[in-house]
Structure formats: structure tokens, C-alpha cells
Amino acid sequence: MEEVPHDCPGADSAQAGRGASCQGCPNQRLCASGAGATPDPAIEEIKEKMKTVKHKILVLSGKGGVGKSTFSAHLAHGLAEDENTQIALLDIDICGPSIPKIMGLEGEQYVEDNLGVMSVGFLLSSPDDAVIWRGPKKNGMIKQFLRDVDWGEVDYLIVDTPPGTSDEHLSVVQYLATARIDGAVLITTPQEVSLQDVRKEINFCRKVKLPIIGVVENMSGFICPKCKKESQIFPPTTGGAELMCQDLEVPLLGRVPLDPLIGKNCDKGQSFFTDAPDSPATLAYRSIIQRIQEFCDLRQSKEENLINS
Amino acid sequence: MGIWRRLLLFGGVSLRAGGGATAPLGGSRAMVCRRQLSGAESETLKQRRTQIMSRGLPKQKPIEGVKQVLVVASGKGGVGKSTTAVNLALALAANDSSKAVGLLDVDVYGPSIPKMMNLKGNPELSQSNLMKPLLNYGIACMSMGFLVEENEPVVWRGLMVMSAIEKLLRQVDWGQLDYLVVDMPPGTGDVQLSVSQNIPITGAVIVSTPQDVALMDAHKGAEMFRKVHVPVLGLVQNMSVFQCPKCKHKTHIFGADGARKLAQTLGLEVLGQSLLEDCCGSGKKIAITFRMIPQVSWKFAWY
């Protein structure tokens with residue numbers, strides 16, 4: 001793998017095998033013959049597999065540590081409260097898989113009868129094992145997750161992604177391109193440092209034509225349990241997510257305040273909703289989950305109308 | 001693995017010495033051993049194999065003019081790596097004004113250093129065609145954020161990122177630096193590997209918040225550095241506790257004391273802790289508010 005030249009244009013580009021940087025590369029002849037440009041057969045296989053999955057939601061953020069995994073897990077918990085819906089949660093963060101911990105799973109894949117989880121964390125011999133992989137190997141893993149996992153009849157597939165706009169994101173969008181993703185939920189904190197990265201993520205979604213369900217502002221204010229004063233720990237110095245959403249014409253799904261119980265429950269692997277059903281954070285989560293469901297249902301009925309007309 | 005696996009196998013090494021032969025057969029490679037190898041021959045084969053496999057790894061070459069490289073990393077995102085890196089650089093400079101300090105941001109996808117150091121603009125080129133780092137608060141800074149538009153995403157696969165990292169490491173006119181603080185992105189992937197394999201690193205500081213979920217990833221980060229033989233200097237626990245400005249009540253929003261337990265498990269020190277305060281993100285100089293810094297910079301001054 002290290003033999004590939006640094007300025008490699010990519011196996012599927014027009015310059016494959018023909019560029020100046022391709023001289024001396026062991027794969028030059030293969031690329032020049034156009035073998036790299038043929039579409040990956042896995043995409044068709046994944047499309048077949050995904051036929052039994054009704055709705056697919058990606059949880060993205062340009063920034064790390066804003067609460068993507070926490071949100072994905074609670075979205076899954078919230079949707080799974082309806083026993084008649086089948087939920088699947090897929091964690092494609094290969095380097096830092098948090099979902100097994102947050103869902104309280106040690107090697108098992110089912111939290112409740114109607115909520116299934118898949119993550120690279122289940123495949124490691126120890127939770128402390130580091131997965132130090134370069135991009136292509138990660139892509140292979142993601143392909144296996146999508147193609148070789150028996151998802152069965154699923155109403156909602158929630159995909160938790162790592163931070164950034166890298167291999168994992170490109171791969172999941174490419175592999176699911178023909179299988180139709182309902183949309184992406186973007187998570188941010190009110191800080192400008194975070195919003196900067198989320199703006200990039202919004203542009204990424206637009207570039208790859210991924211519909212955006214909306215933005216969730218996490219860690220939005222903290223209420224002191226003693227005196228009830230609200231403090232802005234991550235201050236929205238540039239207007240927070242609300243202004244960004246107005247500027248970029250993206251819906252703001254809601255704001256979730258900081259609650260120490262969220263972190264505690266994630267560490268214990270329990271649902272925050274059962275521990276603190278009356279917390280303002282719970283109410284915020286529930287309203288956001290409802291809006292996501294409405295978006296998905298609307299999209300589905302629009303498509304059915306198109307097919308029937 | 002699709003395309004990449006096929007390419008790897010077609011373009012793979014063929015071992016002709018020692019009696020084995022490889023024949024690519026429509027996507028898979030078959031090893032055909034013609035005869036049993038004797039002890040001496042299998043030893044030669046092993047050596048040759050190691051030689052060929054290590055040939056592909058880049059040689060570690062120090063950056064010209066830079067004496068020591070300190071890396072601030074964490075497996076987890078959003079724990080305060082950039083914040084810690086900025087403060088570390090500022091503290092190193094404040095500790096000893098005769099030392100020249102540089103700050104390199106290798107987070108290609110989400111570069112936060114330009115915002116935190118209040119810097120904007122494209123770097124100029126020096127006479128030898130190297131990029132000149134931008135200066136603020138006495139620190140020379142370089143980041144991907146100076147090379148791309150603010151809202152433009154960098155949607156690159158690993159290989160192109162490697163190439164960009166190479167440029168950020170080698171094609172910057174750092175001058176003579178005593179310390180170069182490198183702010184890593186989250187994860188344990190391409191960027192971390194590229195940096196560790198390309199330049200000798202004095203030491204790594206792992207940042208985490210007290211939450212288990214963050215500590216798990218910080219543990220992975222520390223493991224990764226062990227595997228690539230980079231010494232880990234210690235842990236920094238960020239966002240330890242929040243004190244209400246009105247009633248002074250302390251709340252441990254992200255849990256308490258987790259880093260100490262992890263440090264014990266790994267045989268490392270907790271270099272310091274920091275509090276959650278209304279700071280960072282507005283480009284103001286903030287080293288003064290972080291109580292941990294004198295401890296940390298003393299540690300590095302020792303090197």
C-alpha cells in the first residue's frame with residue numbers, strides 16, 4: 001500500500017495511469033487500462049440489501065465531540081419506543097466507535113427486540129484495541145457493514161459517522177447513493193469554532209446532493225442545578241446555529257441544553273430518557289425526533305405520489 | 001475492498017528468490033512453493049521479506065530548523081486538542097521568551113487554529129518557494145485553514161490527505177524553532193500515521209474529557225502512539241468542572257476524575273486539568289486562565 005505515489009490522481013480519475021506521477025507505480029498498467037473506472041459491483045449488492053430498509057438517516061458533523069453518537073443513540077432509543085418499528089443503528093466511526101459503550105452493549109447486537117446495533121467495536125478483541133487504518137481499509141469495512149450484515153426488515157437505519165468529510169463519509173454516500181438516503185442531521189455546538197466546520201459539512205452535503213433534514217444545536221446552555229442561572233459555556237459569539245441556519249437556509253431542528261445526566265447515562269450505557277424523563281434536554285430531544293419522523297414520512301409520501309402519478 | 005484489493009494484489013510483490021513463485025490469477029494471487037525450504041533459505045526469505053515490506057515505509061526525517069516536536073492528540077473529537085495546543089504554544093513562549101515556538105494544525109478537515117489564533121489570509125511564499133507561517137502572539141502558525149476558503153469542505157480521501165500533510169510538514173519556512181506544537185485531528189488514521197511516520201516526535205500529549213466515552217478513545221490514541229514508538233508524555237483532562245458564576249456551585253458536567261484512572265492504567269501522569277469557562281473561540285489570548293499550563297510547560301522545558 002505504501003508503494004502508491006504521493007500525487008496519485010486516484011484509480012477512478014481520468015488521469016489514472018496516464019499522469020506524470022503514475023510513472024513507476026506498480027499499478028500503472030492496470031489504471032491505464034481503465035479497470036479502475038468500472039463501478040464497484042458492491043454498490044448494486046448494497047442496493048439490493050437496502051431494499052428492506054425504509055428510511056436511512058445519516059448523523060453528521062464537521063466537528064468532533066459535538067454529540068453525534070449521543071444523539072444517534074438517543075434518536076434510536078426514541079424511535080424504538082414504538083414497539084412496532086424496527087430500528088438499526090450503524091456506527092461507521094472505525095477509529096473511535098462510541099456506540100457500543102453508549103448503548104451498553106458488550107458484544108451483543110440487540111439492545112431491545114426492535115433495536116439492533118452494528119459497530120466495529122464489536123469486532124475488536126478488547127475495547128481498548130486501537131484501529132489504526134488508512135482510508136482504503138476503512139472503506140472495505142464500511143462496505144462489509146452495508147453489504148454483509150443481515151439487516152432484515154428495518155424501518156429506520158441510523159448511521160453515526162466520525163467527524164470530518166473524509167473517506168468514511170464519501171464511502172457511505174457512494175455506497176448508499178442508489179439506495180436513496182432520506183437525509184442528514186447535522187449536529188453542532190453554539191461555538192463559532194464548531195459552526196465553521198458544520199458549514200463545511202453543509203457544503204459537503206450539497207456537493208454530494210445529500211438532502212439535509214436539519215441542524216441540531218447541542219450543549220446549548222447550562223442551567224445551574226442550585227440557583228437555576230443559565231450559563232453559556234459554549235457561547236454563541238456569532239449567533240449560534242440559528243443564525244447559521246438562516247444564512248444557509250437550513251432548518252434548525254432544535255436546541256439541546258447541557259445536562260450532566262446525559263454524559264452519565266452514556267457512560268453507563270442507558271437511555272437518558274428513562275433516567276430523566278422531565279429534563280429540558282429530554283423534551284428537546286423528543287421534539288427533534290418528532291420533526292425527523294415527520295420529514296421522513298413526508299419524503300416517503302412525496303415519492304409514493306410521484307410513483308403513482 | 002473492491003478496487004483497492006484488486007490493485008494491491010496485481011501490483012503486489014512477487015517473491016522469486018527461495019523457490020516460491022506467484023502468479024496473478026484473475027484477482028487472486030496463488031503462492032506456489034516448488035520445494036521445501038531449508039533452514040538457511042527460509043532465513044534468507046524472511047530477511048528479504050522484511051526488507052521488501054519495510055522498503056515502502058517513509059524514512060523519518062526531521063523538519064529543518066525545528067528542534068523538538070510536540071504532538072497534541074486524542075482519539076476523541078471535541079475534547080479540546082486545539083485549545084490545549086494553542087495554550088501550550090503560548091505558555092512555552094511565555095515561559096521562556098528566548099524560545100521560538102511554532103504551531104502546526106494538521107487537521108485538514110476541520111482546522112480550528114486560524115480561528116483560535118485570530119489569523120486569516122493566505123501564506124506568502126519565501127524566496128526558496130516555501131510557505132511562510134503566519135504570526136500572532138509571537139507564535140508562527142500554519143494550518144490547512146489558510147489554504148482553503150473558510151466554508152469550503154475538504155472532501156479528500158486518505159491519499160490526498162497524506163500529500164497535503166507532507167506539504168504542511170516540509171514546505172513551510174519555519175526558520176529556527178525550539179518547539180513545534182502539532183495539533184492533530186481526532187481519530188487514529190491516515191493523518192496520525194503520516195505524521196508519526198514522517199517526522200521524529202519528542203512526545204505526545206493526550207487530551208480527554210472525564211467521560212468514559214472520551215477516555216476510551218483517548219486510550220486508543222495512547223495505544224496508537226505506543227505502536228508507532230512515539231513517547232506519550234501524559235494526559236490532560238479538559239472540561240473538568242464548571243463553576244456557576246452566580247452561586248459558585250461546582251458541577252461536573254462531563255463526569256469527574258476519569259483521566260486519573262486512565263492515567264494509572266496506562267502508567268502515565270495527568271499533566272494537568274482545566275476548567276470549563278467562558279473562553280476560547282473568539283481569538284483572544286487565553287493562556288493566563290488555564291492553571292495547568294505552568295505544570296505542562298515545565299515538563300517540556302525539561303526536554
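Which helix does Lys137(A) lie in? Here are my notes, point by point; bear in mind throughout that this is a predicted model.

1. **Lys137(A).** To settle that opening question, Lys137(A) sits in helix H5 of chain A. Its relative accessibility is 42%, so Lys137(A) goes down as partly exposed; the buried class stops under 20% and the exposed class starts over 50%.

2. **H2 against H5 in chain A.** Staying with that helix, H5(A) covers residues 135–148 and packs with H2(A), residues 41–49. The axes are 8 Å apart and the angle is about 40°, which makes H2(A) oblique to H5(A). On the H2(A) side the residues involved are Ala42(A), Glu45(A), Ile46(A) and Lys49(A). Facing them from H5(A) are Lys143(A), Leu146(A), Arg147(A) and Asp148(A).

3. **H6 in chain A.** Helix H6(A), residues 167–175, is mostly covered, with 8 of its 9 residues buried. Worth a click through if you have the viewer open.

4. **Chain A overall.** Chain A has 11 helices and 10 strands. Out of its 309 residues, 59% count as buried. Taking contacts with a sequence separation of 6 or more, 76% are between residues 24 or more positions apart.

5. **Chain B overall.** Over in chain B, the tally is 9 helices and 12 strands. The chain has 303 residues, and buried ones make up 54% of them. Of its contacts between residues at least 6 apart in sequence, 72% join residues at least 24 apart.

6. **The sheet in chain B.** Now for the 8-stranded sheet in chain B: it is open, has mixed pairing, and runs in the order E5-E6-E4-E7-E3-E8-E9-E12. Which strands are at the edges? They are E5 (134–136) and E12 (270–273) of chain B, each pairing on one side only. From one strand to the next, the twist averages 25°.

7. **E8 in chain B.** Why is strand E8(B), residues 203–208, described as largely enclosed by the rest of the structure? Because 6 of its 6 residues are buried. Gly203(B), Val205(B) and Val207(B) point one way, while Ala204(B), Ile206(B) and Ser208(B) point the other, and all are buried.

8. **Neighbours of E8(B).** E8(B) pairs with E3(B), residues 66–73, in the parallel sense over 4 bridges, and Ala204(B) has Val71(B) standing opposite. E8(B) also pairs with E9(B), residues 232–237, again in the parallel sense and over 5 bridges. There, the bridge partner of Ala204(B) is Val232(B). Between E8(B) and E9(B) the chain passes through helix H7(B), residues 212–227, in a β-α-β crossover that is right-handed.

9. **Out to E12 in chain B.** Moving along, E9(B) and E12(B) pair in the parallel sense over 3 bridges. Gln237(B) is found opposite Gln273(B) in E12(B). Helix H8(B), residues 258–266, lies across E9 and E12 of chain B and runs at about 160° to E9(B).

10. **Val161(B).** One last residue to look at. Val161(B) belongs to helix H5 of chain B, residues 158–170. Is Val161(B) buried or exposed? At 1% relative accessibility, Val161(B) counts as buried, the cut-off being under 20%. Setting aside neighbours within four places in sequence, its contacts are Val108(B), Tyr109(B), Trp156(B) and Val191(B). For Tyr109(B), which is 52 residues from Val161(B) along the chain, the C-alpha separation is 9.3 Å.

Notes. Residues numbered from 1 in each chain as written. Chains lettered and ligands numbered in written order. Predicted model: local features only at pLDDT ≥ 70, side-chain atom pairs only at ≥ 80, totals over all residues. Heavy atoms only, no water. Axes fitted to C-alpha atoms, helices over the stretch in contact; angles between N-to-C directions. Helix = DSSP H or I, 4+ residues; strand = E, 2+ residues; numbered from the N terminus. Parallel < 35°, antiparallel > 145°, perpendicular 65-115°, else oblique. Contact = heavy atoms within 4.5 Å. Buried < 20%, exposed > 50% of the residue type's maximum accessible area, 1.4 Å probe, protein only. Pairing = 2+ DSSP bridges. Right-handed = clockwise from strand over helix to strand, strands pointing away.
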